[in-house]
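Please keep the sequence and the model in view while reading.

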Amino acid sequence: MFMFDEAVHNIIKRKNKKFALCISILVFAFVAVRMVLARFYMHEEVHFYTDKANIFILSFDYIVAACVIAIYIISFFIYKRKKESHNYTEAVDCFVQGTQAQVFSASLTGFLFVANSVFQIYSFMNPVNSTGAIQINPSFIEHFFEYLSLYPLDFVIFFISILSSVYFFKTAALNFDIGENIALLSENNEIGLENEEEDNNYKYSSAHIIFSFMPIIWSFLNVFKCFFDMSKNVNSPVRIYELLSFLALSTYFVSESRMIVGRRETSRFFTFSYISLIIVAASSLPNLVWSSFWILTTNNDQIVYASQIAIVIYIFSRLYSQIKYGRFLLQR
């Protein structure tokens with residue numbers, strides 16, 4: 001049962017604006033600090049903190065973890081309301097699509113997922129050994145099976161990256177759809193909201209819903225790749241941030257898929273959006289920037305970090321569009 005009230009909508013919207021602004025400030029602050037730590041207090045190859053690191057520097061990661069845990073705990077309380085002796089959860093009438101910010105960010109993310117696959121093809125066609133010399137294999141078939149045996153996860157990630165790009169391109173191509181437009185289709189709010197839920201569930205094709213799972217699989221595959229790569233320190237701060245960033249992305253895209261299929265409670269969507277922004281931005285941007293200047297050696301290809309930054313922009317556009325154009329209501 002949905003209940004829409006203009007006054008309640010305005011209160012929830014103002015609250016989400018303030019919370020999103022605070023999270024944005026935290027994101028930029030954490031990224032700035034990690035840029036400094038990665039540049040001056042971290043070994044460029046093994047990725048552990050150097051002897052120059054003091055107690056304040058070593059405690060930074062715990063501060064980030066505490067903020068993430070606090071956001072998760074707070075979400076149990078701020079997205080619930082009690083009204084007229086009934087408990088309600090906050091929800092939205094539709095999953096906003098087609099805004100200019102979303103079209104740009106979804107297109108950018110889709111392009112970078114395609115670039116992931118293109119770079120994998122390039123690395124397959126031009127293998128380089130430890131001395132930097134290109135290895136020439138006697139036949140394509142032998143080289144293919146050798147690559148498949150050495151990098152099975154990369155082989156699967158290649159196809160999942162292409163399918164993920166399809167999802168983002170399909171998202172960029174969706175029609176402009178916001179709560180205010182939907183509201184005009186009905187004279188009665190409560191009846192209209194029931195119809196809106198059915199209409200929104202119908203407009204997403206089964207293929208679109210299936211493609212929405214591809215970024216989740218992509219994130220999990222990269223988690224497994226991190227664990228199975230024995231050539232890198234799995235317990236270094238850089239590696240831990242990378243693992244957590246992929247896990248955070250998987251939780252975010254699960255919440256986005258829930259929104260697509262009609263589960264429009266805002267608690268999971270906003271919570272995992274905020275957590276993903278903090279962890280992914282703090283992990284990927286320092287790695288991409290400093291590796292571009294040959295200051296830091298990376299665990300993954302730079303295109304992976306670039307894709308993560310594109311996803312950060314995509315999540316920001318999702319939050320902005322949902323808060324600006326969505327209609328907030330209470331669900332019993």
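## Arginine 318

Arginine 318 is buried, with a relative accessible area of 1%; buried means under 20% relative accessible area and exposed over 50%, with partly exposed in between, for a 1.4 Å probe and protein chains only. The residue is found in helix α13, residues 302-325. Helices here are DSSP runs of H or I with at least four residues, numbered from the N terminus.

Apart from neighbours within four places in sequence, arginine 318 is in contact with residues including Phe95, Gln102, Tyr167, Tyr252, Glu256 and Phe269, where contact means heavy atoms within 4.5 Å.

## Basis of the model

The model is predicted: local features need pLDDT of at least 70 and side-chain atom pairs count only at pLDDT 80 or more, while totals for chains, interfaces and linings use all residues. Residues are numbered from 1 along each chain as its sequence is written, and side-chain values use heavy atoms, with hydrogens and water left out.

## Two positive phi angles

Most residues other than glycine have a negative phi. Histidine 47, although not a glycine, has a positive phi of about 70°. Histidine 47 lies in the loop between α1 and α2 (55-58) and is buried, with a relative accessible area of 2%.

Tryptophan 294 also has a positive phi, near 60°. Its place is in the loop between α12 (266-292) and α13, and tryptophan 294 is exposed, with a relative accessible area of 78%.
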